[in-house]
Amino acid sequence: MVSYILRRVLSTLPVMGIVALFVFSLLYIAPGDPAAVIAGDQASPADVERIRQGLGLDRPFLIQFGTWLWHILHGDLGTSIFTNLPVSAMIAQRIEPTFSLMAITLVLTILVAVPLGVAAAWKAGSWIDRTIMAFAVFAFSLPVFVVGYVLAYVFALQFEWLPVQGYTPLARGFWPWLQNLILPALALGTVYIALIARITRASMLEVLQQDYVRTARAKGLGQRNILFVHALKNAAVPIVTVIGIGIALLIGGAVVTESVFAIPGLGRLTIDAILRRDYPVIQGIVLLFSFLYVLVNLMVDVTYTLVDPRIRY
């Protein structure tokens, strides 16, 4: 088991290296000259060239990449072009709202989607199954911002049950913190709920047709015991895999959701950095999200080996 985990960890290193190369290449792929952006419209070509030399943009690509990677390995993500603040400090200021939103969305999604998928598989072909699958198809086709605007209009503006925007840190209290995240989590989790519910249903249908399930029924075990103790455990492999892969949905959807609900997280920071062409901030955030995605997939692989005893280490 330890050797397998070690091999998986080592296999992520080339992936992160490719990701780092791509993130650094954004500086060259994106239109515009960072030095010209910093200098402004009134700067002379000499001023722009002086800034380029100060940033090291006049050096060969590989030397620039090696220097940048060395700084990354030492925890230095660079300095923002516009605020002149360390990128790591800017990310640290915005990381709590984003991670809070993703955590609440993930918990809410699992608590809702897995029971829906189990119920649909249990009542396969019935009106319950058709209703749940109709909801899943409809929810999966809705953009995040549409769901966000509808939820904000109904529950915040019409009924005034929940705040429409903003974020309250967890240090100020659990309920104020949760209040500001309920609507964004529902908006962000709608597509995720639909996806996991469909995967759970398909996986449960396959497991419920196995011989050991029929044997459990013949022995007189209760339906709840069969569904959640025997069937769901053996159907968990694809469900856990999709939950891990769906982290990408949360990362991408967080950018839109934070804009709709005015949450000062990494999503808003990303949009602001893109609009201002603040390349160091963009590189730092993309690198962080990529590392998070690779880490989650590594955890999924490890969980996969724990759940499925057929895998050999």
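The model is predicted, so local features need pLDDT of at least 70, side-chain atom pairs count only at pLDDT 80 or more, and totals for chains, interfaces and linings use all residues. Residues are numbered from 1 along each chain as its sequence is written, and side-chain values use heavy atoms, without hydrogens and water.

**Exercise 1.** Find which helix gives the most to the nonpolar patch.

Solution. Helices are DSSP runs of H or I with at least four residues, numbered from the N terminus. The patch on the surface consists of Phe145, Val146, Tyr149, Val150 and Val256. Helix α7 (residues 144-158) gives the most, with four residues. Phe145 lies in α7. Its relative accessibility is 40%, so Phe145 is partly exposed (buried is under 20%, exposed over 50%, partly exposed in between, with a 1.4 Å probe and protein chains only).

**Exercise 2.** Determine at what angle α12 and α13 pack.

Solution. Helix α12 covers residues 247-260 and helix α13 residues 266-276. Their angle is about 90°, and their axes, 7 Å apart, are lines fitted to C-alpha atoms over the stretch in contact, with angles from 0 to 180 degrees between N-to-C directions. Therefore α12 is roughly perpendicular to α13 (65 to 115 degrees).

**Exercise 3.** Locate Asn84 and Ala262, and state the phi of each.

Solution. Asn84 is in the loop between α4 (61-73) and α5 (87-122). Its phi is near 60°, and at 60% relative accessibility Asn84 is exposed. Ala262 is in the loop between α12 and α13. Its phi is positive, about 55°, although Ala262 is not a glycine. At 24% relative accessibility, Ala262 is partly exposed.

Methods
Patch = residues over 30% accessible without salt bridge, like charges linked within 9 Å, V, L, I, M, F, W, Y side chains within 5 Å. Areas by Shrake-Rupley, 256 points an atom, 1.4 Å probe, with all protein chains shown as cover. Salt bridge = Lys/Arg side-chain N within 4 Å of Asp/Glu carboxyl O. Helix = DSSP H or I, 4+ residues; strand = E, 2+ residues; numbered from the N terminus. Parallel < 35°, antiparallel > 145°, perpendicular 65-115°, else oblique.
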